[in-house]
Amino acid sequence: MKLSEVLYTKVNDLWKEAAAKPFVVEMAKGSLDPELFRYYMLQDYMYLKEYIDILNRTLKCTADPGLQVFLCNVIKETEKETERVHLPNLKKIGISDAEIENAGKAQVIVDYLAYMRQQPEKGVVAGLTALLQCSWVYAFIGQALTEEYGDEIDLSPYKNWFDAYTCKEYIEANKAWIDMVDYETEGISREETDRLCVIFETCARYENRFWDELYEALREREFKTLVRER
């Protein structure tokens with residue numbers, strides 16, 4: 001069995017849980033509070049900047065020419081996507097350069113990134129496994145919600161988000177990640193497989209915590225509003 005098949009089995013329930021989170025379901029239905037989406041986009045942008053740095057750390061862990069080319073291409077495309085897609089979208093929803101510059105990371109993002117930064121230090125495969133989870137779970141969520149809420153997504157103001165993670169280009173890029181991880185882990189020991197599964201599962205749990213804490217930010221904001229009104 002390929003490592004990717006083992007990883008998928010380990011996190012399938014966690015990913016189904018992620019696809020049922022109120023935050024993403026409300027995005028699909030078009031009912032998510034715009035301010036909450038705004039907060040998400042800002043946090044996601046800060047996460048992506050660090051994600052690129054972790055990609056660079058992983059690149060430094062390998063002397064394999066094929067893997068170096070793969071990672072260089074991923075870094076280049078992620079940087080282009082960040083500048084071409086994420087920054088314009090931040091501006092589109094009214095987030096200024098000053099807000100981007102001065103924004104602080106949510107605690108879950110701080111914790112998640114700290115964990116991911118540790119993985120390349122354990123070897124290139126550990127770094128690849130941690131990075132893959134982020135790419136793959138978004139493809140899973142996009143597909144799962146499109147299948148369940150396709151008609152509502154077509155009318156949702158957040159349709160572009162789902163389009164981004166279900167488009168042909170994203171699916172192909174994610175498949176390339178999966179294939180590379182399978183290639184790099186062919187014939188690994190059961191002990192190594194178990195170690196990589198722990199990394200993958202841990203990252204999946206951070207993702208779920210992220211969706212929960214994002215949604216909780218709405219309740220906290222509403223609570224503070226009520227306190228001020230009193």
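**Figure 1. Helix 4 supplies the largest share of the lining of the largest pocket.** Its share is 9 residues. This is a predicted model, in which local features need pLDDT of at least 70 and side-chain atom pairs pLDDT 80 or more, while totals for chains, interfaces and linings use all residues. Residues are numbered from 1 along each chain as its sequence is written, and side-chain values use heavy atoms, without hydrogens or water. The largest pocket has a volume of about 690 Å³ (a pocket is an open set of points on a 1 Å grid, with protein on both sides within 12 Å along at least five of seven lines; lining residues have an atom within 4 Å of a point). In total, 26 residues line the largest pocket, and E77, T78, E81, Y170 and A173 lie nearest its centre. Two or more lining residues come from each of helix 3 (34-59), helix 4 (65-92), helix 7 (124-155), helix 8 (159-166) and helix 9 (168-184) (helices are DSSP runs of H or I, at least four residues, numbered from the N terminus). By class, the lining of the largest pocket holds 15 nonpolar, 5 polar and 6 charged residues (Asp, Glu, Lys and Arg are charged; Ala, Val, Leu, Ile, Met, Phe, Trp, Tyr, Cys and Pro nonpolar; the others polar).

**Figure 2. The second largest pocket holds about 440 Å³ of space.** Its lining has 20 residues, and F37, M41, N89, N160 and W161 are the closest to its centre. Helix 3, helix 4 and helix 8 each give two or more residues to the lining of the second largest pocket. Which helix gives the most? Helix 3 does, with 7 residues. The lining of the second largest pocket comprises 11 nonpolar, 3 polar and 6 charged residues.

**Figure 3. Helix 4 packs with helix 9.** The angle between helix 4 and helix 9 is about 155 degrees, and their axes lie 12 Å apart (axes are fitted to C-alpha atoms over the stretch in contact; angles run from 0 to 180 degrees between N-to-C directions). Helix 4 and helix 9 are therefore roughly antiparallel (over 145 degrees; under 35 is roughly parallel). From helix 4, the contact uses G66, L67, F70, L71 and V74; helix 9 brings A176, W177, M180 and E184. The contact of helix 4 with helix 9 counts 7 nonpolar residues, 1 polar and 1 charged. Contact here means heavy atoms within 4.5 Å.

**Figure 4. Helix 3 packs with helix 6 (residues 107-118) at an angle of about 10 degrees.** The axes of helix 3 and helix 6 are 10 Å apart. Helix 3 is therefore roughly parallel to helix 6. On the helix 3 side, the contact is made by Q43, Y47, E50, Y51, I54 and R57; on the helix 6 side, by I109, Y112, L113, M116 and R117. The residues of the contact of helix 3 with helix 6 are 7 nonpolar, 1 polar and 3 charged.

**Figure 5. A search of the whole structure finds 1 cavity of 30 Å³ or more.** The largest cavity has a volume of about 40 Å³ (in a cavity, a 1.4 Å probe fits but cannot get out). What lines the largest cavity? Y47, I109, Y112, C134, Y138, E207 and F210 do. At least two residues of this lining come from each of helix 6, helix 7 and helix 10 (190-229). The lining of the largest cavity has 6 nonpolar residues, no polar ones and 1 charged.

Definitions and conventions: Grid points are joined across faces, edges and corners, and a volume is the space filled by probe spheres set on the points. Angles under 35 degrees count as roughly parallel, over 145 as roughly antiparallel, 65 to 115 as roughly perpendicular and the rest as oblique.
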